[in-house]
Amino acid sequence: MAKKLAGTMKLQIPAGQANPSPPVGPALGQRGINIMEFCKAFNAKTQDMEPGAPCPTVITYYQDKSFAMDIKTPPASYYLKKAAGLKSAANTPGRETVGSVTPAQVKEIAEAKMKDLSANDIEAAMQIIVGSARSMGIEVK
């Protein structure tokens, strides 16, 4: 018999740093999910990723208090800011440029994000990343 779905939720958790403190603990606790079991499973799955990289996670939880998680790659904005050496993006993108990235860096980011993007090939994925860079005030040189 299939498990009865209770719901889904989305959290953005730093890779390898899930712990029972807010915001993770209360979000899981109010849905009846075992917090320590989730933290151990999440940290084990993200141990090969860069520590502290924000990981969007979709958690599907069931009525029997079990759960399944789908961990996605960090957002394109995280990779772009890291490649350009920035702390934050532009306040007024389009009017000000806060940094630049090379086409090689854009290709590297597109390859890392490929499984989460809705692109069929690497060129289309690169166009998505270039659009994200433009909306952050980062130019591609």
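Student: How many bridges join strand E1 to strand E2, and which way do the two run?

Tutor: Nine bridges join E1 (residues 5-14) to E2 (residues 54-62), and the two strands run antiparallel. Strands pair if DSSP finds at least two bridges between them, so nine bridges make E1 and E2 a pair. One thing to keep in mind is that this is a predicted model, in which local features need pLDDT of at least 70, side-chain atom pairs count only at pLDDT 80 or more, and totals for chains, interfaces and linings use all residues. Residues are numbered from 1 along each chain as its sequence is written, and side-chain values use heavy atoms, with hydrogens and water left out.

Student: Where is Thr-8, and what is the bridge partner of Thr-8 in E2?

Tutor: Thr-8 sits in strand E1, and its bridge partner in E2 is Thr-60. If you skip the neighbours within four places in sequence, Thr-8 is in contact (heavy atoms within 4.5 Å) with Ile-59, Thr-60 and Tyr-61. Compare that with Lys-87: its C-alpha atom is separated from that of Thr-8 by 32 Å, and the two residues are 79 apart along the chain.

Student: Why are E1 and E3 called edge strands?

Tutor: The three strands form an open sheet in the order E1-E2-E3, with antiparallel pairing. E1 and E3 each pair on one side only, and that puts them at the edges. From one strand to the next, the twist averages 20°. Helix H2 (residues 35-45) lies across E1, E2 and E3 and runs at about 30° to E3.

Student: How many helices and strands does the chain have?

Tutor: Five helices and five strands. Read from the N terminus, the order is β-α-α-β-β-α-β-α-α-β.

Student: How do you know how H3 and H4 are oriented to each other?

Tutor: H3 (residues 76-84) and H4 (residues 103-113) pack at about 150°, with their axes 10 Å apart. The axes are lines fitted to C-alpha atoms, for helices over the stretch in contact, and the angles run from 0 to 180 degrees between N-to-C directions. Angles under 35 degrees count as roughly parallel, over 145 as roughly antiparallel, 65 to 115 as roughly perpendicular and the rest as oblique. H3 and H4 are therefore roughly antiparallel.

Student: Which residues make that contact?

Tutor: H3 brings Ala-76, Tyr-79, Leu-80 and Ala-83, while H4 brings Gln-105, Ile-109, Ala-112 and Lys-113. By class, that is six nonpolar, one polar and one charged residues. Here Ala, Val, Leu, Ile, Met, Phe, Trp, Tyr, Cys and Pro count as nonpolar, Asp, Glu, Lys and Arg as charged, and the others, Gly among them, as polar.

Student: What is the orientation of H3 to H5?

Tutor: Their axes come within 10 Å and cross at roughly 70°, with H5 covering residues 122-136. That angle makes H3 roughly perpendicular to H5. The contact uses Ala-76, Ser-77, Leu-80 and Lys-81 of H3 and Ile-129, Ser-132, Ala-133 and Met-136 of H5. Its classes are five nonpolar, two polar and one charged.

Student: And what about H4 and H5?

Tutor: They pack at about 110°, with axes 8 Å apart, and are therefore roughly perpendicular to each other. Residues meeting there include Val-106 and Ala-110 in H4 and Met-126 and Val-130 in H5. The contact has nine nonpolar, no polar and three charged residues.

Student: What makes Lys-82 and Glu-50 a salt bridge?

Tutor: The rule asks for a side-chain nitrogen of Lys or Arg within 4 Å of a carboxyl oxygen of Asp or Glu. Lys-82 and Glu-50 meet at 2.6 Å, N to O, so the pair qualifies. Lys-82 lies in H3 and Glu-50 in the loop between H2 and E2, so the pair ties together parts 32 residues apart in sequence. By this rule the count comes to three salt bridges.

Terms used:
Helix = DSSP H or I, 4+ residues; strand = E, 2+ residues; numbered from the N terminus.
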